[in-house]
Amino acid sequence: MTIGPITVRPDLTALRAVVGGAVHGPGDAGYATTGFNLAVTRTPCAVVDVADTDDIAAVIRFAGDAGLRVAVFATGHGGVEVGPDTVLVRTAALDVCEIDPSTRTARIGAGVRVQTVLDAAAPHGLALVCGSSTTVGVVGFLTGGGIGPLVRSLGSSAGYVRSVRVVTGDGTVTDASAEVNPELFWGLRGGKATLGIITEVVVDLLPISEIYGGAVYFDGAEASGLLRAWRDWAADLPREAGTSVALMRLPEMPGVPPALAGRLTVAVRFAAVGDHGAAQRLLAPMRAAATPLLDAIGPLPYAAIGAIHADPAVPMPVHEGTTLLRDVSDGTIDAIVGAAGPRSASQLIVVELRQLGGAFADEQKVRSAFGHRDAAFNLHAVGVLAPPPGPDHGSADGVEPVSSTTAHLLAAVRPWSTGTSLANFNASADPAVIRTCYDEDTYAWLAALAARLDPRGVLHTGQVVR
Ligand SMILES: Cc1cc2nc3c(=O)[nH]c(=O)nc-3n(C[C@H](O)[C@H](O)[C@H](O)COP(=O)(O)OP(=O)(O)OC[C@H]3O[C@@H](n4cnc5c(N)ncnc54)[C@H](O)[C@@H]3O)c2cc1C
């Protein structure tokens, strides 16, 4: 492999000598790294199943000495391409998940998925403030700030992080919190892997056992009126409640209710904390906006919060597009319906609008690099590339219609776009895309911290501020 004019051949025997976990080179049985998004191609020069924090430090030092880069992989939900100049650190073995009911905290390793924590916390009546998908990795989710169905009530998940253990780009193991290394703590919450590879976090849990939530699905033929009704209804919701709306084209497959499969539907998702009767009354006007195909909203154990969006858990090749919106006007709705509604040729499986505001927009108690809190809505589109490619290879098939519909959609809503995006919804190694995830000061400060903590640029790969 070549980096600039120099050919680098990593000495895997030397790498194996400094780490306790398994090291896999291309062609080895353990090398294949299949994540959630099968369209992402990964061809690292080595994959290391790190056994502990010291392994990560050793990999980073080894890579720095060898002129290589290091990227991190947990579940592949937010994966970006990894090239042969990079050693890929796989964190699955960092699986600590300890609930401390006395302090209402959880200690969570970098390899742990959200559902594991939800299930461990539920018997104590405690809840992790999480996103819509419970199969994502907790740590990867938190590095992007993290918004979920209750973001208007509880704020972003990164606000609940108490402390972080991290290996910075110079191979140093360090802890960070509001009191210890506050600059690093600021940048780890929102800056993705720019400032280091996190090995574990301690987060605050909330005493929530049950919420009122779920989704009600309507016929997609009524998309235009339903989006208008949703926008008007959502505008008056108190911060105890949150909502999103999605145009969905779900395939006929196991797990998809027949009433929703193979057609365009409009899903109104709803989540509320507090009194269930009050939540039911808040929801009533939206429930009555049209005749539902399926109404699956009611009291919901918190650990089942993933049912609200019912995000797919099986790996698939996806193409995504996103932008934050300052407003959803009639024009915005016409643009969305024109690009992805009933009379469009859209193949996108989901085009969703998440309402922000409420606690999302509040001043943070401990500031972080997670920004753009003045945005009113998050628009996110997902298309599946078909036919599915093999586990390690992206496929060009299906890219053109899905990516051109996504581009058409984003162009159509540009008048209402802030021109910015949330890092968790915009996995990309493209510096221009990464730039949209931060305001100017945040971007500059992340870059300055990275230069200080990672002088050899070992982590300068993937979705990081350079
Ligand atoms: C179906 C689906 C639903 C989603 N829903 C939401 C949602 O509701 N809200 C939301 O905010 N996001 C959501 N996301 C985005 C998701 O939170 C991000 O993609 C997140 O990065 C996933 O982390 P991961 O570790 O699971 O994935 P990976 O692809 O393994 O990692 C993605 C990135 O996270 C960072 N990362 C992972 N581990 C570490 C580590 N140990 N140290 C430092 N950085 C690390 C790195 O930048 C890495 O490239 C969703 C994604 C999908 C596919």
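The legends below describe close-up views of a predicted model. Residues are numbered from 1 along each chain as its sequence is written, and side-chain values use heavy atoms, with hydrogens and water left out. In this predicted model, local features need pLDDT of at least 70 and side-chain atom pairs count only at pLDDT 80 or more, whereas totals for chains, interfaces and linings use all residues.

**View 1. An open sheet of 7 strands with antiparallel pairing.** The strand order is β15-β12-β14-β13-β17-β18-β16. Strands are DSSP runs of E with at least two residues, helices are runs of H or I with at least four, and both are numbered from the N terminus; two strands pair if DSSP finds at least two bridges between them. Since β15 (294-301) and β16 (318-325) stand at the edges with a single partner strand each, one side of each is left without a neighbour in the sheet. From one strand to the next, the twist averages 15° (axes are lines fitted to C-alpha atoms, for helices over the stretch in contact, and angles run from 0 to 180 degrees between N-to-C directions).

**View 2. Pairing of β12 with β14, and the helix α8.** Strands β12 (residues 210-219) and β14 (residues 264-272) run antiparallel and are joined by 8 bridges. G213 has A271 in β14 as its bridge partner. Helix α8 (residues 276-287) packs on the sheet and touches β12, β13 (241-249), β14 and β15, contact meaning heavy atoms within 4.5 Å. The direction of α8 makes about 10° with that of β12.

**View 3. The shell around the ligand.** The ligand is surrounded by 30 residues, of which A74, T75, G137, I147 and K192 are the closest; a residue is near the ligand if one of its heavy atoms lies within 4 Å of it. The largest share of the shell, 4 residues, is supplied by α4. Oxygen atoms of the ligand lie 2.7 Å from a polar backbone atom of A74 and 2.9 Å from an N or O atom in the side chain of N424; a polar contact is a pair of N or O atoms within 3.5 Å. The protein covers 94% of the 940 Å² of accessible area that the ligand has on its own (Shrake-Rupley method, 1.4 Å probe).

**View 4. An open sheet of 4 strands with mixed pairing.** The order is β3-β4-β6-β5, and the twist averages 25° from one strand to the next. β5 (69-73) pairs with β6 (residues 86-90) in the parallel sense over 5 bridges. The bridge partner of V70 in β6 is V87.

Note on methods
A polar contact is a pair of N or O atoms within 3.5 Å; within protein, one must be able to donate a hydrogen and the other to accept it, and residues adjacent in sequence count only if both atoms are side-chain atoms.
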